[in-house]
Amino acid sequence: MKYLTILLIGSMSLMGASTEVVQYMNELSSVAKTENKSFAGFDAARGKEIFTSTHTGKQGKPISCTSCHTTNLSNYGKNSLTGKVIEPLSPKANPQRLTSVKEVTKWLKRNFVDVYAREGTAQEKGDVLTYIIKN
Ligand code: HEC
């Protein structure tokens, strides 16, 4: 098990998330297991659905993660509420991404509320981070 965790950390950091963010994702994974007995690991396909689907957001209007980050995570985005330019979300295109747990937790909390009008579950956060890392 320990060996597996080390392997996971190794391969994830190669793919773009910092060690502290990978550690955070391991914590999300533990919580997801306690909340959902059939949880069998994070899934980029579920993450894609979370990222691209449209919901009634906090302002009562249709919105998705792609409204601000676009469907191409290597592209610049634009904040649909303020009009400000957003740097690419993909760690492959933007090495600053997924390096700080403080940034990641702050924005996931805020952005889930923007789009889903609630906070994300541990599984949802892990799935969407897995999708972002792979894109
Ligand atoms: C209303 C616009 C908006 C929407 C919708 C939005 N985001 Fe963001 N997101 C931002 C802004 C602004 C930032 C912070 C500025 C920056 O980092 O460039 C950010 C930052 C992030 C970060 C921080 C990454 C890092 O390490 O720097 C993640 C992760 C993220 N968003 C994921 C999501 C997800 C997942 C969704 C959908 C649930 C979403 N965003 C929806 C505007 C948005």
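## Glutamine 23 and its surroundings

Glutamine 23 counts as partly exposed, because it has 15 C-beta neighbours inside 10 Å. A residue is buried if 20 or more other C-beta atoms lie within 10 Å of its own, exposed if 12 or fewer, and partly exposed in between, with C-beta atoms placed from the backbone. Glutamine 23 sits in helix 2 (residues 19–35). Helices (H or I, at least four residues) and strands (E, at least two) are DSSP runs, numbered from the N terminus. Glutamine 23 and valine 101 are 78 residues apart in sequence, yet their C-alpha atoms are 9.1 Å apart in space.

This is a predicted model: local features need pLDDT of at least 70, side-chain atom pairs count only at pLDDT 80 or more, and totals for chains, interfaces and linings use all residues. Residues are numbered from 1 along each chain as its sequence is written.

## The chain as a whole

The protein chain holds 6 helices and 4 strands. Read from the N terminus, the order is α-α-α-β-β-α-β-β-α-α. The chain has 135 residues, and 30% of them count as buried.

Two residues are in contact if their C-beta atoms, placed from the backbone, lie within 7 Å. Take the contacts in the protein chain with a separation of 6 or more: residues 24 or more positions apart account for 54% of them.

## The nonpolar core

In soluble globular proteins, nonpolar side chains tend to be buried together. A nonpolar core is a set of buried Ala, Val, Leu, Ile, Met, Phe, Trp, Tyr and Cys residues joined through C-beta atoms within 7 Å. The largest one here has 23 residues, and Val21, Met25, Leu98, Val128, Leu129 and Ile132 touch the most other members. Helix 2, helix 3, helix 5 and helix 6 each give two or more residues to this core.

Look at leucine 98. Neighbours within four places in sequence aside, leucine 98 is in contact with Gly16, Ala17, Ser18, Val21, Pro91, Val104, Leu129, Ile132 and Ile133.

Helix 3 covers residues 44–52, and its Gly47, Ile50 and Phe51 are buried. These residues lie on the same side of helix 3, because they cover an arc of only 95 degrees around the axis. The arc is that of the directions from the helix axis to the C-beta atoms. The face turned away from the buried side of helix 3 carries exposed Ala45 and Thr52. Helix 4 and helix 6 are among the elements that cover the buried residues of helix 3.

Helix 6 has 12 of its 13 residues buried, so the rest of the structure largely encloses it. The buried residues of helix 6 include Ala122, Val128, Leu129 and Ile133. The 13 residues of helix 6 (residues 122–134) should span 18 Å at 1.5 Å a residue, and the end C-alpha atoms are 18 Å apart, which agrees. The expected span is 1.5 Å times one less than the number of residues.

## Helix 5

Helix 5 has 16 residues and reaches 21 Å from its first C-alpha to its last, close to the expected 22 Å. Its buried residues are Val104, Phe112, Asp114 and Val115. They fall within an arc of 155 degrees, so they line one face of helix 5. Lys102, Lys106 and Arg110 are exposed on the other side of helix 5. The cover over the buried residues of helix 5 includes helix 2, strand 1 (55–56) and strand 2 (62–63).

Threonine 105 also belongs to helix 5. Threonine 105 counts as partly exposed, because it has 13 C-beta neighbours inside 10 Å. Lysine 125 is 20 residues away from threonine 105 along the chain, and their C-alpha atoms are separated by 9.2 Å.

## Around the ligand

The ligand is surrounded by 22 residues, and the closest are Cys65, Cys68, Trp107, Asn111 and Val115. A residue is near a molecule if its C-beta atom, placed from the backbone, lies within 6 Å of it. Helix 4 (66–69) and helix 5 (101–116) are the elements that give two or more residues to this shell. Helix 5 gives the most, with 8 residues.

The shell divides into 13 nonpolar, 5 polar and 4 charged residues. Ala, Val, Leu, Ile, Met, Phe, Trp, Tyr, Cys and Pro count as nonpolar, Asp, Glu, Lys and Arg as charged, and the others, Gly among them, as polar.

## Two positive phi angles

Most residues other than glycine have a negative phi. Threonine 70 is not a glycine, but its phi is positive, about 65 degrees. Threonine 70 lies in the loop between helix 4 and strand 3 (77–78). Alanine 117 has a positive phi of about 55 degrees, and it is not a glycine. Alanine 117 is in the loop between helix 5 and helix 6.
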